[in-house]
Amino acid sequence: MKSSSRLIGVDAARGVALLGMITLHSLLEETASGNPTWSSHAFSGRAAAAFALMSGVGLTLATGRRQVPRSDARGVAAMLATRALCIGVIGLLVSGADTVLNSVILPYYAVVFLLAVPLVLMPTWALFTTGASLALVAPFGMHLLLPHLAEPSLGDPTFGRLIDDPLALLGELTLTGYYPAPAWLAYICVGLAIGRLDLSSPRVAATLLAAGAVLGVWARAVSTVLLHLAGGLTAIHAAQPASGLTSEETTYLLKLGGDGSAPTSTWWWLAVDGPHTGTPLNLVGTIGSSVAVLGLALLLSTTWARPLLVPLAAAGSMTLTFYSVHVLFLNSDFDTYSPVTGCIVQLVAVVLIAMAVRATAGRGPLEALVGSLARRARALALRPAPAVSTDVAAVVPRARRPEPASLPRDSRRPGGAVRFSRRSIRHRLRAGAPDSGSPADGASLGDSVSRPTDRASLGDSVSRPTDRASLGDSVGRPTDRPDGAESGGDDK
């Protein structure tokens with residue numbers, strides 16, 4: 001499968017999550033009898049989970065689909081932190097205009113993305129292990145911790161709340177709100193790990209589809225056994241007075257789900273798998289459904305059905321823009337439609353606009369803005385600092401070392417000694433200049449030492465030194481040496 005097919009599969013899975021959230025928010029949540037509608041059964045809790053898991057896959061694609069090395073950590077951290085801050089600012093602005101949902105997800109995602117920055121440095125096996133631990137173990141820790149935390153307001157995060165009480169808002173965004181960070185980091189971890197797999201392989205896609213389906217079915221089966229056969233429901237209703245909920249609110253929570261976490265009146269609440277309850281079975285089940293959707297999209301992108309994924313992929317490549325516009329539309333005077341009509345209008349508009357933008361601009365406006373700022377932040381973080389010289393020799397000039405007075409002087413280098421260098425001698429010989437170390441009569445070095453042509457005179461002057469005065473004058477005691485000439489022996 002080509003890289004474009006892989007990207008189409010990933011974007012198509014994002015598109016399913018986006019359209020699922022739009023459908024869930026536009027249609028009714030429950031029937032007249034108080035039971036969940038088909039849209040609640042299909043998308044409640046699952047669409048947001050798929051959105052989070054696909055965000056983890058997107059983070060992996062943005063970091064090269066590999067474990068980020070330490071040498072790149074600074075640039076990648078700057079890029080991801082900037083992306084998270086931009087999403088947080090956009091989320092706070094959108095939340096300020098919301099009076100319908102009261103659960104805009106973008107500010108929560110911003111906190112989760114910031115906490116996920118160190119995760120990109122972890123190996124793949126550690127990501128799977130961390131994700132499994134957060135899904136299976138973290139809910140038990142939250143069950144013990146929640147009674148000691150302040151009650152959340154469960155209102156939309158806004159700039160006003162951030163200014164009035166930043167600590168309370170931060171606590172709600174991380175632990176007590178609709179999307180608590182420990183639970184949602186599990187989706188990010190699994191998405192990061194899956195993004196490093198060979199998503200171009202049909203075998204991997206089929207494995208994801210099968211594994212996701214098994215996890216989803218397993219979680220539902222275990223919850224059913226614990227609640228209906230092991231006495232979980234009876235224990236939950238018996239502990240209802242201690243939960244702070246009425247019996248109607250307890251029934252509603254069991255049918256339609258919670259507000260990010262389950263009550264802590266009894267441990268049996270951790271056996272439910274309702275939407276947004278944050279229990280182990282809820283997290284495992286929604287991870288399974290999200291993985292199955294991704295595997296199915298990747299598998300279809302290798303078959304004849306690939307062209308059918310193009311509209312979904314176009315919408316999935318602009319989730320930030322379309323989610324923000326969707327929330328603003330629900331809170332505007334333009335939303336005068338019935339639930340079904342309004343849902344259809346939004347779905348059709350999203351698909352058509354997405355395909356038009358994909359064919360022209362290529363990216364949504366918010367995606368382009370956030371991506372540009374993130375790239376600038378990475379470039380600034382990787383910019384090398386100005387070099388500061390620490391070499392003392394480069395700052396303080398080195399004093400000239402005095403030359404020994406006993407060395408012979410070079411007449412062509414005022415104040416300098418003769419350089420006994422083979423290269424300098426060859427250079428002078430090739431240039432035809434007399435060697436500064438030659439005898440005073442101008443004979444070459446070869447004539448005086450290497451090639452003694454007059455053997456008789458050599459024997460008279462060296463082998464049989466009868467004239468000590470002449471020997472001393474020429475070798476032993478250079479009493480009459482012109483300036484710049486070189487001695488041939490040591491004084492004895």
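Predicted model: local features only at pLDDT ≥ 70, side-chain atom pairs only at ≥ 80, totals over all residues.
## Helix H19

Start with helix H19, which covers residues 365–382. Its 18 residues, at 1.5 Å a residue, should span 26 Å.

Which residues of H19 are buried? They are Glu367, Val370, Gly371, Ala374, Ala377 and Ala381. Look down the axis of H19: these buried residues fall within an arc of 125 degrees, so they line one face of the helix. On the other side of H19 sit Pro365, Arg376 and Leu380, which are exposed.

Is Gly91 buried or exposed? Its relative accessible area is 0%, and under 20% counts as buried, so Gly91 is buried.

What does Gly91 touch, once residues up to four places away in sequence are set aside? Its contacts are Val104, Leu106, Pro107 and Pro157. Tyr109 lies 18 residues from Gly91 along the chain. The C-alpha atoms of Gly91 and Tyr109 are separated by 8.9 Å.

## The nonpolar cores

Now turn to the largest nonpolar core, which has 86 residues. Two of them, Trp184 and Leu294, touch the most other members. Helix H10 (residues 181–195) gives this core its largest share, 12 residues.

Not counting residues up to four places away in sequence, Leu294 touches Gly9, Val10, Ala13, Leu53, Met54, Val57, Ile194 and Leu208. Another core, of seven residues, lies apart from the largest one. Among its members are Ile236, Leu253, Ala262 and Trp269.

## His143 in helix H7

Finally, find His143 in helix H7, which runs over residues 138–145. The relative accessible area of His143 is 7%. The cut-off for buried is under 20%, so His143 is buried.

Which residues are in contact with His143, leaving aside its neighbours within four places in sequence? They are Pro263, Thr264, Thr266, Trp267 and Leu270.

Conventions: Residues numbered from 1 in each chain as written. Heavy atoms only, no water. Helix = DSSP H or I, 4+ residues; strand = E, 2+ residues; numbered from the N terminus. Expected span 1.5 Å × (residues − 1). Buried < 20%, exposed > 50% of the residue type's maximum accessible area, 1.4 Å probe, protein only. Arc of directions from axis to C-beta. Contact = heavy atoms within 4.5 Å. Core = buried A, V, L, I, M, F, W, Y, C linked by side-chain atoms within 4.5 Å.
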